[in-house]
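Subject: Structure handover

Hello,

Here is the structure you were waiting for. Please look at it first; my notes follow below.

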Amino acid sequence: MIDFSYTILIPLIPFFMFVFLGLAGWKFKPMVSGILGTTGLFVAALLSYYTAFEYFFHTEKILGAYQKLTGFNTVWLQLTDKLHIDLGVLLDPISVMMLVVITTVSFMVHLYSLGYMKGDTGFVRFYSFLSLFSFSMLGLVVATNIFQMYIFWELVGVSSYLLISYYYDKPTAVAAGKKAFIVTRFADLGFLIGILLLSWLTGTFDFKTLTGAHSPVITQGAGVAFMGLSLMTWSLILVFIGGAGKSAMFPLHIWLPDAMEGPTPVSALIHAATMVVAGVYMVARLFPIYFMAPGAGAGLEVVAYVGAFTSLFAAVIACTQFDIKRVLAYSTMSQIGYMMLALGVSGYGGHEGLGFMASMFHLFTHAMFKALLFLGAGAIIHAVHSNVMQDMGGLRKYLPITHITFLIACLTIAGVPPFSAFWSKDEILAAAFHHNKLLFLVEYIVAGLTAFYMFRLYFNVFWGKEKQYHHTPHEAPFTMTIPLMILAVASIFTGFIPFSKLVTSDGVAFASETEMMIAIPSVVIGLLGIGIAWLLYKKESSLPDRIAAGLGGFHKWAYNKFYFDEIYLFVTKKLIFARISRPIAWFDRHIVDGSMNGIAWVTTTTSEKIKGLQSGQLQQYGFVFISGAIILALVFGYLLIF
Amino acid sequence: MLNYGIPLQYFLIVATIMFFVGVYGFLTRKNLITILMSIELMLNSVNINFVAFNKYLYPDKLQGHFFALIVVAVAAAEAAVAIAIIINIYRRFSNINVEEVNEMKY
């Protein structure tokens, strides 16, 4: 048996980096602090690779299944004998995979930011927040129990908020940070209620107990029914709402596009590769419950349909946007929708668990190529100082490395073989095909849309007509191009990792083969999307505008993100604020405060009127005293006599 | 035994008159010294009552006499304190008119 207790260091190293840089970082030159933070992440990444190697190749399998190992555990809060909240490190295929993903992308982003954020006044602050985020995210994935997950879940929310509003002198960034925080916090309320319901039904927080073979989920039964679904199903749906908020699933997606106000490396790390997949990870972590709980199939259906709808919805919007980071943000939503859908259509165990495996596989490849896309976008923005596509064109001559790596990423996301996303997307489509033909069709269309909008972006930026630039765009410094190249290599080759042997729903390896019947049409529609984009955008022409005009209202509707921001504003400002909050505020100000003020007013006025009695005249007091005494004497005398 | 000398009622009438003279002086005079004297008058009217009741109700006991003596002693001490206070008031206000000494009001 291998001792995995050192794994606690993987989250702790970034944590110490955060504390150290936060408290003492200003004493060094900014670059020294940056390099310190990067080194910390490098060590964490090495430890993760070592852990992954040891876990996948040197641990004992029981009945061919990878076991859930507890690397480290400590009772953090002993509430009662039975109820205690632990903190620890749980190692199983998905958490080990996530360790690798997070530390890799985080290290790349740390390295990249050395160049991208150079000269920024908040350089040290940026690095300490990045370390805080890495710590929180690593703590989230290794959580041994659902409560630890919740704690770190909130921590990633906070670090996301801090990093989105990193440019705190920019009002839009501040508003975006608040929006992200409030929307996800609102969703987390659902998560918390879900956790409480779930732990009340099962009597435990612990993942191992919850998802094990003798899980109380099965023995406890479904509980009381509420609105046609069992309480267990409701708790799972509520938990999923939390996941949907973090993963920007419809209808809680509105924060993600605005979150692009943050620095681009942050978008790459938090809003593309790691934090936004926390929802997927959480559903995957609780997957045995979702699958096995009596009558909980409805939970999985919700996951699948929400995922499918979001992926289509986001892909349509992505086709109309001009801000390159926003296109990528919608593309992220769309891809996460894929992962959710794959989980929703998955079965449990062996080949039945194809969707689960595909989801995790896509999560892994997506983290690599989406981080690459964002970092590439960062390099473009770095060169032309603009986010908007119209300001770009013909950049392939000036940014050769960025161009090649960006092209690789675009081919990957479009699902062109042999790049990685081809393999993972193919597994997802296969899983969807065997479960539900409608969902398959939606995802099939989305695959084409994805290829189209990514290549629309690519041709607009790197081809087309050259624009007037302030200065000749120049290639980014090597600290920025090295991560691009590493991630490009990862995007090409991660598809060959045999995920079905490593990361499966029940830990047992199964053989998965590419189904030509699905692979060929998906490649065809991908190439079709690329072809249309090539026709429309390779040379600047008025054709795209004419098509947009031809679509009329629909294009405008999609361009304005289907007016969801406006709907939310209407609901909050016109309905909730005006109909509920204002009356409550009025009641508080006039009734609650009013009664207190009234009491105070009566007291003051009365005392004002009678304060003359306290005249300071000794003889006046004496007169009152003696009169009183005499009156009392008369009264008592009268009572005694009669 | 009770039928000789001055009847009790006469003592009580004198004491009552003395007491209310004291009360009247306390309430009307402005000079603090005169007010002090009025208080002494009231105390002494009480002393007369003590002695008279002792004499007429329990002639063979002495409690009333002793009480009268204690009141005299206390009155002496009280006069000393009161005069010390009056001197301090005079130092501060250059005046011992009770109406002027009204700092302790609202």
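Ala248(A) is placed in the loop between α9 and α10 of chain A, where helices (H or I, at least four residues) and strands (E, at least two) are DSSP runs numbered from the N terminus. Ala248(A) is not a glycine, yet has a positive phi of about 55°. With 0% relative accessibility, Ala248(A) counts as buried (buried is under 20% relative accessible area, exposed over 50%, partly exposed in between, with a 1.4 Å probe and protein chains only).

Before the rest, some ground rules. This is a predicted model, in which local features need pLDDT of at least 70 and side-chain atom pairs count only at pLDDT 80 or more, while totals for chains, interfaces and linings use all residues. Residues are numbered from 1 along each chain as its sequence is written, chains are lettered from A and ligands numbered from 1 in the order in which they are written, and side-chain values use heavy atoms, with hydrogens and water left out.

Backbone details

The loop that holds Ala248(A) is also the place of Pro251(A), between α9 (231–246) and α10 (255–258) of chain A. The peptide bond from Phe250(A) to Pro251(A) is cis, with omega near 0°. Another cis peptide bond runs from Pro417(A) to Pro418(A), with omega near 5°. Pro418(A) sits in the loop between α17 (400–413) and α18 (420–435) of chain A.

In chain B, Ser94(B) has a positive phi near 55° and is a residue other than glycine. Ser94(B) belongs to the segment after α3 of chain B and is exposed, with a relative accessible area of 56%.

Chain A as a whole

Chain A has 26 helices and four strands. Its C-alpha trace spans about 120 × 65 × 55 Å along the principal axes. Of the 642 residues in chain A, 56% are buried. Counting contacts (heavy atoms within 4.5 Å) in chain A between residues at least 6 apart in sequence, 80% join residues at least 24 apart.

One buried position is Ser131(A), at 0% relative accessibility, in helix α4 (residues 123–141) of chain A. Leaving out residues up to four places away in sequence, Ser131(A) touches Pro14(A), Met17(A), Phe18(A), Leu21(A) and His110(A).

A helix pair

The axes of α5 (residues 146–164) and α6 (residues 171–202) of chain A come within 9 Å and cross at roughly 175°; axes are lines fitted to C-alpha atoms, for helices over the stretch in contact, and angles run from 0 to 180 degrees between N-to-C directions. That makes α5(A) roughly antiparallel to α6(A) (under 35 degrees is roughly parallel, over 145 roughly antiparallel, 65 to 115 roughly perpendicular, the rest oblique). Residues in the contact include Trp153(A) and Tyr161(A) of α5(A) and Phe181(A) and Phe191(A) of α6(A). By class, the contact has 15 nonpolar, two polar and four charged residues (Ala, Val, Leu, Ile, Met, Phe, Trp, Tyr, Cys and Pro are nonpolar, Asp, Glu, Lys and Arg charged, and the others, Gly among them, polar).

Salt bridges

A salt bridge here is a side-chain nitrogen of Lys or Arg within 4 Å of a carboxyl oxygen of Asp or Glu.

Arg285(A) pairs with Asp92(A), the closest N and O atoms being 2.6 Å apart. Arg285(A) is in helix α12 (residues 278–285) and Asp92(A) in the loop between β2 (84–91) and α3 (93–116) of chain A, so the pair ties together parts 193 residues apart in sequence. Arg285(A) and Asp92(A) are buried, and Lys68(A) is linked with them in a network of salt bridges.

In chain B, Lys30(B) forms a salt bridge with Glu99(B), with the closest N and O atoms 3.2 Å apart. Lys30(B) lies in the loop between α1 (8–28) and α2 (32–57), and Glu99(B) in the segment after α3 (63–93), 69 residues apart. Lys30(B) is partly exposed at 34% relative accessible area, and Glu99(B) is partly exposed at 35%.

Between the chains

How many residues of chain B are in contact with chain A? There are 15, and they meet 13 residues of chain A. The area buried between the two chains is about 1100 Å², with carbon and sulfur atoms giving 65%; buried area is the accessible area (1.4 Å probe) that two parts lose on being put together, summed over both. Phe26(B), Leu27(B) and Tyr106(B) lose the most area on the chain B side, together 47% of what that side buries. Between chain B and chain A, the count of salt bridges is zero.

Regards
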